[in-house]
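Here are a few notes to read alongside the model. Please keep the structure open as you go through the points.

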Amino acid sequence: MCQTFNTQQCLEALNNGKIDFALIEGNFKQDDYDKVIIRNEPFIAVGKRELGIEAKKEYDLRELINYPLIYREQGSGSLEITRQILGMRNLSPIDFKQEYQIGSLSLFRRMLLDGVGIGFCYQCLLTDELDDGIIQKIKIKNMEVAHPISLVWLKGNDQLKEEIQVVKEILK
């Protein structure tokens with residue numbers, strides 16, 4: 001069985017023995033877990049062309065506060081990374097024209113595709129839509145962010161060696 005949770009919920013489920021391992025895209029206390037980095041994934045700003053965003057223009061992040069911002073819920077690794085990106089420019093989600101904090105990854109994705117606003121996410125979330133021009137990457141000055149996506153399990157759980165190896169092969 002495969003389930004989708006945010007980073008905090010995945011770590012809680014690992015700690016409580018409800019799951020054996022998790023794919024984690026957010027930050028976590030690495031002393032408590034063993035991990036294998038599956039890949040470093042670009043974390044990008046995206047929006048629909050219909051919002052008036054120019055594909056070839058490189059924006060200063062402050063220029064984007066006139067757009068609604070769609071972002072993930074508390075406990076999500078994506079929210080933490082989004083806050084770090086904004087914080088480096090002395091911004092927060094409340095500085096945007098409007099803000100939508102979304103608890104569901106599928107709803108987050110749907111709102112971006114419907115052109116409700118802009119958002120920050122892993123490039124792999126919208127690979128096909130970016131390739132097809134349905135949604136576009138927003139180029140932001142001095143913003144090149146990639147973050148590891150890791151397969152994580154409780155430290156010292158040697159019983160999972162075979163399963164972890166199988167999962168690593170599947171995810172390559």
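1. Glu73 counts as buried, because its relative accessibility is 14% and the cut-off for buried is under 20%. This is a predicted model. Glu73 sits in the loop between S4 and H2.

2. What does the side chain of Glu73 make a polar contact with? The partner is the side chain of Asn6, at 2.8 Å. Asn6 is also among the residues in contact with Glu73 once neighbours within four places in sequence are set aside.

3. Move on to helix H2, where Thr82 lies. Thr82 has a relative accessibility of 2%, so Thr82 counts as buried. The Thr82 side chain reaches the backbone oxygen of Ser78 at 2.8 Å. Beyond its neighbours within four places in sequence, Thr82 is in contact with Phe43 and Phe120.

4. Now the nonpolar packing. The largest nonpolar core has 22 residues. Those with the most contacts inside this core are Leu61, Leu64, Ile118, Phe120, Ile138 and Ile140. Two or more residues each come from strand S2 (33-47), strand S4 (68-72), helix H2 (77-87), strand S6 (118-122) and strand S7 (136-140). Which element gives the largest share of this core? H2 does, with 4 residues. In soluble globular proteins, nonpolar side chains tend to be buried together.

5. Take Ile140 next, one of the residues with the most contacts inside the largest core. Not counting residues up to four places away in sequence, Ile140 touches Ala45, Glu58, Tyr59, Leu61, Leu64, Arg89 and Phe120. Of these, Leu61, Leu64 and Phe120 are also named among the residues with the most contacts inside the core.

6. Ala45 is worth a separate look. Its place is in strand S2. Is Ala45 buried or exposed? Ala45 counts as buried, because its relative accessibility is 1%. Leaving aside neighbours within four places in sequence, Ala45 is in contact with Gly119, Phe120, Gln136, Lys137, Ile138, Ile140 and Met143.

7. One distance to check on screen: Ala45 to Ser92. These two residues are 47 residues apart along the chain. Their C-alpha atoms are separated by 15 Å.

8. Phe120 is in contact with Thr82, with Ala45 and with Ile140.

Key
Residues are numbered from 1 along each chain as its sequence is written. This is a predicted model: local features need pLDDT of at least 70, side-chain atom pairs count only at pLDDT 80 or more; totals for chains, interfaces and linings use all residues. Side-chain values use heavy atoms; hydrogens and water are left out. A nonpolar core is a set of buried Ala, Val, Leu, Ile, Met, Phe, Trp, Tyr and Cys residues joined through side-chain atoms within 4.5 Å. Buried means under 20% relative accessible area, exposed over 50%, partly exposed in between (1.4 Å probe, protein chains only). Contact means heavy atoms within 4.5 Å. A polar contact is a pair of N or O atoms within 3.5 Å; within protein, one must be able to donate a hydrogen and the other to accept it, and residues adjacent in sequence count only if both atoms are side-chain atoms.
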